[in-house]
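Grab a pencil and have a look at the model below. We'll work through a few exercises together, one step at a time.

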Amino acid sequence: MNDQQQNPDEFEEFVPQWGSTAPKGGRAVLNRILREGNKVPLFLGQTFVRSLRDVGYNNTTSAICEHVDNSIQAGATEVRVYFNQSGPKGAHEVDVAILDNGPGMPPHVLQVAMSFGGSMYYENRSGIGRFGVGMKTAALAMGPVLEVYSWQERGTIYSMTLDVEEISSSRTNLIELPEPRLMDALPSQAASIFTKPMAFPKEEAQDLLAFSEDDLSERMSKSGTLIFIPNCDRLSYKTARTLAEHATREMSRIYRRQLGDGLRLFINNRRIEAFDPTFWMQTARHVQIEGLQDTRSKLINSWPEIQIPTEENGKQTGIASVRLYMLPIESWYDLPRKTLANDLQLFSDQLVSFMRNGREVHIGVVPELSGRRHADAVWLRLQVDFSGDLDEAFGVAMNKQGVRPKKYALDIIREHIKDDVTRVREKTKEFRAAHTRTGQKSHLSEAERIAQEADALQSKPLPAYTATTEEERRALDQNLRTLALTLKRHDESDDDAFERIKKSRYLTTFKHDPYWPFYHVDFQLGKVILTVNTAHPFFTQLYEPLSRVAVQEDESDGDGGTPRGASAEGSDLLTGLQMLLLSLARTQSQMLSSEGSAEHRQLFENLRKEWSDSLKTQLQMTRR
Ligand SMILES: Nc1ncnc2c1ncn2[C@@H]1O[C@H](COP(=O)(O)OP(=O)(O)O)[C@@H](O)[C@H]1O
Ligand SMILES: [Mg+2]
């Protein structure tokens with residue numbers, strides 16, 4: 001007993017203020033320490049193991065990935081993940097299991113592996129494991145009990161259990177792990193998972209490991225490991241279906257490289273294929289999508305050896321390797337919305353993918369590298385590969401839930417890539433602008449047609465431009481042909497353009513010039529010509545998004561997408577906006593021709609410039 005604890009009055013002040021659900025075993029140990037001066041363990045297992053349940057995985061899939069990581073690192077070539085749902089609807093239970101055909105663990109390794117901090121790879125940064133906690137914390141994040149079975153030959157299975165309730169009710173000061181149990185077959189609760197179809201997906205899609213428990217011992221690999229977490233109480237989704245769907249979507253991307261190298265990964269008995277968000281791998285799922293002509297992105301540039309200090313201002317460096325891709329925008333842009341969104345996952349912000357030792361640890365928008373989230377960024381992809389020696393620089397933490405790159409590391413990468421990233425974004429922008437102006441297949445836009453019809457009802461007529469003699473008519477045609485050349489759309493022949501321009505009094509054309517006002521009005525050969533500047537925020541933030549909505553909604557006609565009502569609304573809005581501009585064009589043309597003075601011209605010119613600038617300033621505010 002030491003001096004401080006001799007005065008019994010002082011104990012009163014140190015009564016633990018534990019909550020009512022705190023573990024009784026831990027309370028007993030703590031009281032003994034306080035009252036009797038027992039030795040204090042570094043970790044108070046009874047409480048610590050419970051707290052570890054909250055280490056924080058983003059979701060069930062990312063917790064399961066810890067186990068898949070371990071299987072892959074051990075050298076497994078087949079990994080099977082199960083969400084076993086049982087019991088009545090609404091009150092069902094879900095067990096999670098991960099089975100692999102790796103080398104398994106001998107009993108003493110299994111015992112070490114069950115301890116927190118216990119690892120065969122501690123601080124080894126060349127593989128996936130490093131921290132010695134994943135298997136335990138990830139399992140407890142899902143359920144209160146972890147059972148591990150591991151065998152190096154058939155019929156000799158060692159097993160250990162971590163049971164949070166059991167540990168926290170233990171009254172011993174120092175909790176020790178028991179010896180592994182030896183058994184000759186898996187217990188039937190676990191074994192039954194491998195011999196019957198799961199509740200999801202449908203039975204035909206499932207490729208069972210075995211058909212009966214007798215059969216199972218034959219079918220099970222010679223060596224392997226089974227992680228079993230019965231009756232999970234903390235899963236991010238309720239049903240086997242949503243759990244399996246989420247895991248499938250994520251893991252097909254996270255392990256794309258391993259899948260590409262031949263790893264067989266099953267989720268609820270369905271084999272999953274690689275999904276490559278950069279659309280480079282030709283073994284990935286997108287290659288099979290029907291109607292996809294181009295299946296590969298363009299590699300714009302790659303930087304195989306970017307030196308990054310392992311610590312800010314440190315001398316030691318590690319290597320990051322970066323690749324910049326541009327998706328095949330020309331051939332994909334007009335694909336149905338459903339294909340783009342669901343099959344290609346184009347609108348899921350998968351711009352920058354971080355791969356740590358070949359396994360994706362994060363994907364998302366990283367404004368410092370990809371630029372901000374915007375429709376022009378949808379078509380670019382960055383892939384950043386690094387190894388564990390850059391964990392600090394990229395902010396990879398114990399639970400490997402993503403990255404938090406340090407500013408200095410991002411700055412170094414940005415310096416290398418920024419010009420090329422800008423180039424890709426600019427190219428996309430121009431493509432989209434060009435597409436918008438030619439997007440409408442019908443030759444006259446709805447707005448041009450209506451504006452012309454409405455001319456009969458306008459109080460002030462536009463000046464007529466008529467050719468009476470044959471001579472004049474020929475000259476006019478000649479001039480219109482010349483005009484047509486300047487207004488020709490990329491999918492039109494010279495004659496198409498001439499015909500269109502001849503029959504329409506209103507013409508809309510586009511121009512890309514960052515230093516120019518957002519519109520321009522011209523009256524030539526009796527035609528009101530409106531030019532819209534595709535480089536101005538008026539276009540990028542209003543006109544183009546609106547025409548995109550109108551086009552998409554038209555496309556979704558009839559296939560159960562957006563209801564037809566919304567479609568009509570989208571194109572009506574676009575037509576309305578176009579008429580706003582055409583009426584301005586008409587008014588200016590009309591005023592200039594009747595009272596056409598140099599003064600008026602100057603006034604319109606100034607108005608156009610000033611209005612454009614102030615609109616630009618305002619629209620740019622909304623982007624901050
Ligand atoms: N599926 C498995 N096959 C073989 N060994 C495994 C498997 N899962 C875990 N292990 C062993 O358990 C140890 C602890 O795993 P874990 O807690 O995830 O820490 P880490 O992966 O950082 O080493 C690993 O180092 C490995 O030796
Ligand atoms: Mg691990």
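**Exercise 1.** Are α4 and α6 roughly parallel or antiparallel to each other?

*Solution.* Keep in mind that this is a predicted model.
- Step 1: get the geometry. The axes of α4 and α6 lie 9 Å apart, and the two helices pack at an angle of about 150°.
- Step 2: use the cut-off. Angles over 145 degrees count as roughly antiparallel.
- Step 3: conclude. α4 and α6 are therefore roughly antiparallel to each other.
- Step 4: α4 and α6 make a left-handed crossing.

**Exercise 2.** Find which residues of α4 and α6 meet.

*Solution.* 
- Step 1: start on α4, where T60, A63, E66, H67, D69 and N70 take part.
- Step 2: go across to α6, whose partners are G134, M135, A138, A141 and M142.
- Step 3: sort the residues of this contact, and you get 5 nonpolar, 4 polar and 2 charged.

**Exercise 3.** Decide why α6 counts as largely enclosed.

*Solution.* 
- Step 1: walk along α6, residues 134-142. Among its buried residues are G134, K136, T137 and L140.
- Step 2: tally up. 9 of the 9 residues of α6 are buried, so the helix is largely enclosed by the rest of the structure.

**Exercise 4.** Describe what surrounds ligand 1.

*Solution.* 
- Step 1: count the shell. Ligand 1 has 22 residues around it, and the closest are N70, A113, S119, G129 and G134.
- Step 2: trace the elements. α4 (60-74), α5 (107-113) and α6 each give two or more residues to this shell.
- Step 3: pick the top contributor. α4 supplies the largest share, 4 residues.
- Step 4: The shell splits into 9 nonpolar, 9 polar and 4 charged residues.

Technical notes
Residues are numbered from 1 along each chain as its sequence is written. Chains are lettered from A and ligands numbered from 1 in the order in which they are written. This is a predicted model: local features need pLDDT of at least 70, side-chain atom pairs count only at pLDDT 80 or more; totals for chains, interfaces and linings use all residues. A residue is buried if 20 or more other C-beta atoms lie within 10 Å of its own, exposed if 12 or fewer, and partly exposed in between; C-beta atoms are placed from the backbone. A residue is near a molecule or strand if its C-beta atom, placed from the backbone, lies within 6 Å of it. Ala, Val, Leu, Ile, Met, Phe, Trp, Tyr, Cys and Pro count as nonpolar, Asp, Glu, Lys and Arg as charged, and the others, Gly among them, as polar. Axes are lines fitted to C-alpha atoms, for helices over the stretch in contact, and angles run from 0 to 180 degrees between N-to-C directions. Angles under 35 degrees count as roughly parallel, over 145 as roughly antiparallel, 65 to 115 as roughly perpendicular and the rest as oblique. A crossing is left-handed if the near helix is turned anticlockwise from the far one by less than a right angle, and right-handed if clockwise. Two residues are in contact if their C-beta atoms, placed from the backbone, lie within 7 Å.
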